[in-house]
Structures are given as C-alpha cells and as structure tokens.
Amino acid sequence: MEAETVSAYEDFLCNLDGPISATVLFDKAKILGLSELLAKATVDRLISEGKLFNLPKDTPLRDVGGRYVELDNFKIYTHEPEFDQSISVELLSGVKCEEAELSWCSGFLFPGATVLDIGANIGWHSLHYSRIVGPGGRVISFEPEPRNFELLCKNLLINGCNNASAFKAVVMHEARPNVTLYLNPRNQGDHRIWAYGNSGCKSVECYSLVLDEMFPDVKIDLIKIDVQGAELLVLHGAKNLIQGQDRVALLVEFWPTGLEVLGGSKEAFENMLDYLGFREVYCVKEGNLISVKKRLSALVKDYSFDFVNLICVR
C-alpha cells in the first residue's frame with residue numbers, strides 16, 4: 001500500500017505545470033496519506049534523478065555556481081575554495097581523492113552491483129561507483145547539507161549517472177523529521193550532528209532515514225559511510241540489512257574522537273564490526289591497505305592518525 005501511495009505522489013510531482021510552494025507539496029502528501037518525512041525523501045530522490053524542474057529552490061539544473069573542473073573523465077562542480085578547504089581544493093588541484101579506496105572498490109564491485117554512499121558530499125565517490133556498476137547497477141547517495149546536495153545532484157546529472165539517486169537526509173538509527181546538522185564554514189565535508197563546542201556555528205534542520213527500514217529485502221554490495229563520528233548510529237540502523245547479505249563490504253571512516261562525542265568508543269565500534277560478521281578488516285594508510293590483525297585500539301597506537309578509512313568485508 002505504501003508503494004502505491006509513493007507512486008501516486010511521484011505522478012503528482014512529475015506532472016506539475018509550474019512552481020508550487022512546499023506547503024502545497026506536503027498538503028498533497030497528507031491527502032494521499034504519506035508522511036512528511038517520506039514525502040521529503042520522494043522529492044529529493046526525484047530531484048536527484050532530474051525529474052523535477054518546478055521547484056526553484058531545489059532544482060539541481062539551475063546555475064549552482066561554484067567552480068568547475070574535469071578530472072578522471074568526470075565533469076565536476078565544487079564549492080569555492082574559500083568555503084571548502086578540503087575536497088574542493090583537492091579536486092581543483094587535480095588530486096584524485098581517496099584513490100586507493102576507490103581502486104579497491106573497483107576490484108570488489110561488478111556490473112549490476114548496488115552501492116549506498118552515506119555522506120556523499122558533492123559526489124566524488126558516487127560518480128565512481130556509478131561508472132563501476134554500470135547501467136544495470138544502482139547507486140543511492142545520502143547527503144544532508146543543502147549546498148552539498150545541490151552540487152551532488154548537479155554532478156550526477158551532468159555525468160549521465162542514470163543509475164543514481166540521492167536523498168537530502170541524515171542516516172542513523174531512527175527516523176526523525178528534524179535533526180540538527182552543525183555546519184563547518186571552511187570544510188564542507190565536516191558537518192556534524194553534534195555541536196562544535198561554543199563556536200556558535202550555523203546549523204540546518206534535516207530529516208533522518210534508517211537503512212533497515214528503507215531496504216528490508218534489497219541486495220547491497222557496498223556501503224560507504226563517512227558521517228563525522230555518527231558511523232555507529234548508521235550501523236545500528238543497518239543490522240538487519242547487513243546481516244541479510246551473503247557478501248557485502250563496508251568502506252567506513254574510523255574517527256575515535258567523533259565516536260566518543262556521540263556516546264560510542266573504539267571498542268564499541270570494533271564490537272559492532274564483529275557482531276555484523278566483518279572478518280576481514282583493512283585500514284588505508286598513505287595509499288596502502290594494511291590488514292588489521294589486532295584490535296582497533298592497538299591500531300590507533302601503532303599508527304599516528306586522528307582518523308582513518310577502514311575497508312571491511314563480510
């Protein structure tokens with residue numbers, strides 16, 4: 001029944017004659033019996049697929065500004081460097097970010113695979129996944145920050161990623177209509193669901209989704225998670241999804257400080273990986289994959305880092 005309701009709402013959205021207000025959008029959802037949260041998710045997905053052109057504030061094909069670069073045979077719109085001293089500066093300088101991780105993913109994935117990109121930013125990983133899995137595959141991206149989401153959608157569309165969809169949402173252990181996202185004005189990959197001390201940083205309200213609820217019976221091949229310390233919350237909401245897979249990999253940022261701020265720990269993270277059945281774990285250090293044969297807490301002591309990407313295979 002829910003699928004039929006979503007389909008009816010999609011038809012309504014895709015047949016709009018002109019721009020309408022958000023109030024009208026959500027009033028229609030209520031009439032159909034669709035929750036505001038699910039209505040928002042449907043709108044975001046259709047925007048990312050290039051199917052909505054009558055929502056002036058959200059339409060990704062409008063002039064999104066920013067900088068343009070061509071890299072690795074992709075056309076990419078980035079933030080202006082003064083607003084993003086991280087991935088935008090690297091891409092504009094010709095740096096192929098996280099090349100080792102993407103190379104591993106290219107060997108692991110296959111045509112027709114399905115990938116979830118959680119914390120997609122402006123789409124660097126999503127673009128690569130889309131190319132790797134091909135027309136028969138699927139990439140589903142999640143990015144809650146509005147400007148990042150605009151650029152993500154733009155980049156997916158101008159590169160012809162017809163196998164990709166995106167949601168302007170936080171992913172965690174429970175679905176909420178309102179989650180506060182605290183913004184880093186100089187690093188557009190460092191927005192967090194926890195406040196930056198007493199810095200008085202700006203914030204936006206987002207909605208959150210749960211992977212177990214979104215994908216109850218879907219085969220997933222790779223889940224990439226980069227959510228500034230909220231990785232455990234994502235995994236708590238994906239237990240059934242992950243344990244229902246015969247073969248799945250996880251590319252996840254391991255940042256002990258962020259985990260602890262949100263009530264987690266190195267040990268809780270490691271226990272979660274064990275519980276979910278990830279038996280092969282590698283860390284990416286200076287472009288090399290290193291097998292983690294001992295506990296993550298020992299890994300932190302042996303290698304000097306604040307955070308590191310892990311590749312985990314179940």
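Which residues line the largest cavity? Before I answer, please keep in mind that this is a predicted model, in which local features need pLDDT of at least 70 and side-chain atom pairs count only at pLDDT 80 or more, while totals for chains, interfaces and linings use all residues. Residues are numbered from 1 along each chain as its sequence is written, and side-chain values use heavy atoms, with hydrogens and water left out.

The lining of the largest cavity consists of E98, H125, K224, I225, D226, L251, V252, E253 and N309. On a 1 Å grid over the protein atoms alone, a cavity is a set of points where a 1.4 Å probe fits but cannot get out, a pocket is an open set with protein on both sides within 12 Å along at least five of seven lines, and lining residues have an atom within 4 Å of a point. Two elements, β9 (222-225) and β10 (249-254), each give two or more residues to this lining, and β10 gives the most, with three; strands here are DSSP runs of E, at least two residues, numbered from the N terminus.

The largest cavity holds about 50 Å³, where a volume is the space filled by probe spheres set on grid points joined across faces, edges and corners.

Turning to the largest pocket, about 950 Å³ of space lies in it, and of the 44 residues that line it, the closest to its centre are E98, G189, D226, Q228 and E253. β6 gives the most to that lining, with three residues.

Methods
Helices (H or I, at least four residues) and strands (E, at least two) are DSSP runs, numbered from the N terminus.
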